[in-house]
Amino acid sequence: MANQFVISISREFSSGGHDIAEIIAKHYGVPLYDKNILAEIGKEKGVDLSDFKGADEKGINVFTSRTVAGFNSSPEYALAHMQFDFIKEQADKGESFVICGRCADYVLKDNPALVSVFVYADEYDRTDRTMKKCDCSMPQAIKLIEKTDKRRKEYHNEYCKTKWGDMRNYDLCINSSCLGIDGTAQALIDYIDKRKE
């Protein structure tokens, strides 16, 4: 894998995937791209993309868009492809980084520097984490988990030929309930270090 590495972390909602990504990025001293990716793209292009936050990681709204010659007019489509281009550009420049979601596991599938990971967790842990994080009841937490996972799955499957969460599409799938957030992050760091040798 030489010196460059790109860690793509796909994750179930409330599996701790983002926290794990933060630990890994901090450990290696590399950027983490998640919701901040819009600000990074805007800074690079000299535009304000804050109005597009509502379209981030969402599938195309068929009621407000149309497709002509393979191109779609929806803001969701434009934003997704802007992010895919940004991810490819950073990787092609030889940059190392950690990225959550945004189809990076598929967008960079042919890049030898890619390590693709899928983080999941036991239902109890996900529900408990959601209740604490969102200050909501158990039924509300379960509903939010189902809704968010459905949105992530639809987004990924709309833009990729692979299926979200299918273990065959990732280098490593890991249950964060087994080792906890810190332990899972360390296990992934150990794996990444082995890949870098």
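In this predicted model, a patch of negative charge on the surface is formed where Glu44, Asp85, Glu89 and Asp92 gather. Helix 3, which spans residues 75–92, gives the most to this negative patch, contributing three residues, while glutamate 44 lies in helix 2, made of residues 37–45. Glutamate 44 has a relative accessibility of 41% and therefore counts as partly exposed, since that class lies between the limits of 20% for buried and 50% for exposed.

Turning to the aromatic rings, the structure holds eight aromatic pairs. In one of them, the ring centres of phenylalanine 118 and tryptophan 164 are 5.3 Å apart and the planes stand at 80°, so this pair is edge-to-face. The pair links distant parts of the chain, because phenylalanine 118 belongs to strand 6 (residues 114–120) and tryptophan 164 to the loop between helix 6 (138–159) and strand 7 (172–175), 46 residues apart. Phenylalanine 118 counts as buried because its relative accessibility is 5%, and tryptophan 164, at 15%, counts as buried as well.

Another pair is made by tyrosine 155 and tyrosine 159, whose ring centres lie 5.3 Å apart with planes at 65°, so that this pair, too, is edge-to-face. These two tyrosines are four residues apart in helix 6, which means that about one helical turn separates them, and both tyrosine 155 and tyrosine 159 are buried. Together with Tyr77 and Phe84, Tyr155 and Tyr159 form one aromatic cluster.

Technical notes:
Residues are numbered from 1 along each chain as its sequence is written. This is a predicted model: local features need pLDDT of at least 70, side-chain atom pairs count only at pLDDT 80 or more; totals for chains, interfaces and linings use all residues. Side-chain values use heavy atoms; hydrogens and water are left out. Patches are made of residues with over 30% relative accessible area and no salt bridge: like charges are joined within 9 Å, nonpolar side chains (Val, Leu, Ile, Met, Phe, Trp, Tyr) within 5 Å. Accessible areas come from the Shrake-Rupley method with a 1.4 Å probe; for residues, only the protein chains shown count as cover. A salt bridge is a side-chain nitrogen of Lys or Arg within 4 Å of a carboxyl oxygen of Asp or Glu. Lys and Arg count as positive and Asp and Glu as negative; His and the chain ends are not counted. The place of a charge is taken as NZ of Lys, CZ of Arg, CG of Asp or CD of Glu. Buried means under 20% relative accessible area, exposed over 50%, partly exposed in between (1.4 Å probe, protein chains only). Rings of Phe, Tyr and Trp (its six-membered ring) pair if their centres lie within 6.5 Å; planes under 30 degrees apart count as stacked, over 60 as edge-to-face and the rest as tilted.
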